[in-house]
Every structure is written in C-alpha cells, then in structure tokens.
Amino acid sequence: MTAPHGASCYFCLEENADEGGKSLVRDCSCRGNNAGFAHLSCIIKYAEQKSKRATTKMDLPAFSRSWRECPNCKQPYQNQISLDLSSAFVSFAEANYNPGKCIIGSQLTNDKVNLMDALRERAISLLNHAVLHEPSGVEVECKMIIGKILSMVDQMKKDLDMNRWMLMPKHTYEYRFYVLVCGKYEADGYHYLGKILYRTGKDDEYKKYFQKARIIYNITGLNAQSQDIDNYIALTKREQDPNQSDGINLCEFTRKNYELVKESFGLTAAVVIHSGVEHAIELKKAYRRIEASRLLTNLAADSRRVLGPEHHITKKVDQQLQDCNERLVCVQGTLFQAMRYENDGAMCVVKGPIKVPRQIDGEREFHYTCDLIHPVRGCPVICHGKLGEVGELQEHGQFEVHFEDASQKPASAKPENLRIAFELPDQG
Ligand SMILES: [Zn+2]
Ligand SMILES: [Zn+2]
C-alpha cells in the first residue's frame, strides 16, 4: 500500500524515497498510519545482517527469517514484497555460495544449505503467487528454482554418500542432517513441483512428484507434510470426479488448512482470505450453508478492507457470498429461487424457473402457497423457532433439519412448518 503522509521507514526513520528513488512499502499484518513501513532496500540490508549473524551462529532457522517476515508484526511479507525479497535473498545466498566439494560439518556445506534455503523461500513465494494470481506467469521460474534445489541435493547426497545416513540412530548428526536435506529440500522440492505441475495441468506428471515427496516424508517421519499431499491428491480427484474423494472429509481438510494459515499469517493476509474462501466452498458443497455464509460475510469485510473492493479475491468472496445467500426451492419438481414471503407468510414469491447455466433474463416471478415450497438441501430455514438447514428428504414428504446449534438434535418437519431464513439472525 502507499504510505500515508508522515509515515517513515521502520529502519532508517526517513520519510522520503530511498537513494534508488523507491518509496516506502508495507504488506504484512502491520496496521495503522506509521507502523511497519520501510524501504525495500532497508529491509534487504537488515536481512543481510541477520543472515550473516545466523551463519556465524549456525542458526539455520534465523538465516531465512528476516527475508520472510516483518520484524515488527512477525508475520510474513505478502505479494510483491515477498517476491522482491525472496529474489534478493537468492542473490545474497548465491554471492556467498562456493561450489566446492561438500564435507560434513564444513562452512562450505553450510553455505550450500543456506543457498538451498534461499531457493526454497523463493519457490514458496512463487508458489503462493501462483495460487493467488491467475494467470501468474511465475510457474516457469518456480520450476527452474526447484530444479536447482533438487540438483544441489543430488550432488550433496553423492558428495557425502548420504543415503546410508537414513539408517543411523535418530540422535546422530548424520541422521538429522539427512532429515534436513532430504525432508526440507528434496521432498519439499518434489512436493512444490507437484503443486506447480498440477496448476499448469497438462498431464499426470505431478502424481509422480507427489509420490516421491511422500516416500521421503514417510521415511523421515514428516507425517504432516505427507498428509498435506494425501489431502491435496484427494482434493484433485474430487475436482475431477465429485463422487471420488477417498473418504477424506474435505471440509475438515480445508478447515484445518484455514486454521493453519490463520495461525501463521494472521487474520487478514491475502492467502488467509483465499483459504477461507476455499473452506467456505467446501462447506457449501457439504450443504452447510449457514456456516459458509457466516464465514464469507466476515471474509468479504476483511477482503474489502485489506485488499480493496476491486481485488480479484474480494470479487471471488462476493460471488460466493451472493451464491450462498440465494435460497433455492423446488416447486413441483422445478427449481426456483425464493425471494420473499407475502400475505403474512401464506404465500412465497419465487423467481425462475432456474436453468443451468442460469439465464436471469428469462426468469419470472411466481406466487405459491407455502405447502408447495420445498427448500432444497442446505437451505437455511427456521424450524420450531430455531435456525437450521434442510437435510435429506425423509418419508412422507418430511424434511430433516439440522440446527445451527449443534447441541440440538436434528428434527423432522413438514414443508409448511419450515420458514425460509432469508436473512441469517445474529449468532446467539
Ligand atoms: Zn529506510
Ligand atoms: Zn509488519
């Protein structure tokens, strides 16, 4: 975002552009008129110092941290700043890279690991960019970067004859080095490559890479990452064929994923809003429209405030929310959208019939008595004074209703005893 008047650089305290003429930037979770703004050049200088210190202390996690997250709010940089910093990080690590032979415990080997670390950050930044911006055009670079990491790992494995280390006791330096290099760089490399190839979607090559990553994750005990791939594969299958999901509960998966990115990125980062929408879409598919609608209402407000009304993610949220707020009903076997009640609730006004794809222009409004209105599965309704959503149709034309308050047992009701909830009441 553009810095407001009076904002100054978090590092050099200067309000004006830096020597290269570049203005202040900010794209993390810092808020307010002055917090967290900085010159990109100052962030780079700071990160270089931190990385040098991390190298002397042999502190690998600290080597990449300042290139990835804001020292003020401790949240990852986003979008263009993330791309710019990951690129500068690679340049920095390359400048310190010496392509000599690997010897365990040597400075040279550490510099190699450092470069792999920088390349990995770059790959993640590009992958995030590819997920958030379509078309992104960064896939080619991402593949190339991952290719570099994988060939470095290969060379290192040969130089150090590493494959036998996997069988060593778990507390040994060799075993831990194996887990670091093969788990964090090799398996993650295959994992990200699979995701990028899946996005470019030409053939089934991505499966091969997922499989390779999974094998290494399983050997090195990185079960969470392996689970992430399993879920990803299930998700792809489900997208290609809705009936096949290998018994994985996708709502649960997208919920966990959403919780995870919320934890690591704060509430309002683009990637968080994006995974919130993905979760809402799964909720909707599972006929949990009330939950989806409440989530999307919050996401729409966040996205509008943080990304702006014209951002493609904001538009996606709006579209999903609008879709969620439609109340679809069946009248004598034909699909309509319920609009409102009239005549003190004796009649319901519907619009349709709905064709696929929908042609609003050709639709008209009709009035029906309430006994003819059958809300479709997932439609929010009021039943016995409580908010719920319609479940499966039961015998004798009764509808199952699941209440929002999960402590209430599902009920069974005739269509004339259900009221469509056009607006969701505030959560009690
Ligand atoms: Zn500065
Ligand atoms: Zn910040």
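# Domains, a helix pair and an exposed glutamate

Me: How far apart are the C-alpha centres of domain 1 and domain 2?
Reply: The C-alpha centres of domain 1 and domain 2 lie 28 Å apart. This is a predicted model.

Me: Which residues make up the contact, by number from each side?
Reply: Domain 1 gives 7 residues and domain 2 gives 6 residues. Helix H2, residues 60–68, gives the most on the domain 1 side, with 5 residues.

Me: What is the make-up of the side of domain 1 that touches domain 2?
Reply: That side divides into 4 nonpolar, 2 polar and 1 charged.

Me: Where do the domain bounds fall?
Reply: Domain 1 covers 1–72, domain 2 covers 97–248, domain 3 covers 249–325 and domain 4 covers 327–420. The protein chain holds 12 helices and 10 strands. Its C-alpha trace spans about 85 × 60 × 40 Å along the principal axes.

Me: What share of the protein chain counts as buried?
Reply: Of its 428 residues, 33% count as buried. The cut-off is 20 or more other C-beta atoms within 10 Å.

Me: Why are H10 and H11 called roughly antiparallel?
Reply: Helix H10 (residues 270–285) and helix H11 (residues 289–306) pack at an angle of about 160°. Angles over 145 degrees count as roughly antiparallel. H10 and H11 are therefore roughly antiparallel to each other.

Me: What else describes how H10 packs on H11?
Reply: Their axes are 8 Å apart. H10 passes H11 in a left-handed crossing.

Me: Which residues of H10 and H11 meet?
Reply: From H10 come Ile273, Gly276, Val277, His279, Ala280, Leu283 and Lys284. They meet Arg289, Glu291, Ala292, Leu295, Leu296, Leu299, Asp302 and Ser303 in H11. The residues of this contact divide into 8 nonpolar, 3 polar and 4 charged.

Me: How do you know whether Glu423 is buried or exposed?
Reply: Glu423 has 7 C-beta neighbours inside 10 Å. A residue is exposed at 12 or fewer. Glu423 therefore counts as exposed.

Me: Where is Glu423 found?
Reply: Glu423 is found in the segment after strand E10 (419–420).

Me: How far is Glu423 from Phe253 in sequence and in space?
Reply: Glu423 and Phe253 are 170 residues apart in sequence. C-alpha to C-alpha, Glu423 and Phe253 are 28 Å apart in space.

Conventions
Residues numbered from 1 in each chain as written. Chains lettered and ligands numbered in written order. Predicted model: local features only at pLDDT ≥ 70, side-chain atom pairs only at ≥ 80, totals over all residues. Helix = DSSP H or I, 4+ residues; strand = E, 2+ residues; numbered from the N terminus. Domains from an automatic or database assignment. Contact = placed C-beta atoms within 7 Å. Nonpolar A, V, L, I, M, F, W, Y, C, P; charged D, E, K, R; others polar. Axes fitted to C-alpha atoms, helices over the stretch in contact; angles between N-to-C directions. Parallel < 35°, antiparallel > 145°, perpendicular 65-115°, else oblique. Left-handed = near helix turned anticlockwise from the far one by under 90°.
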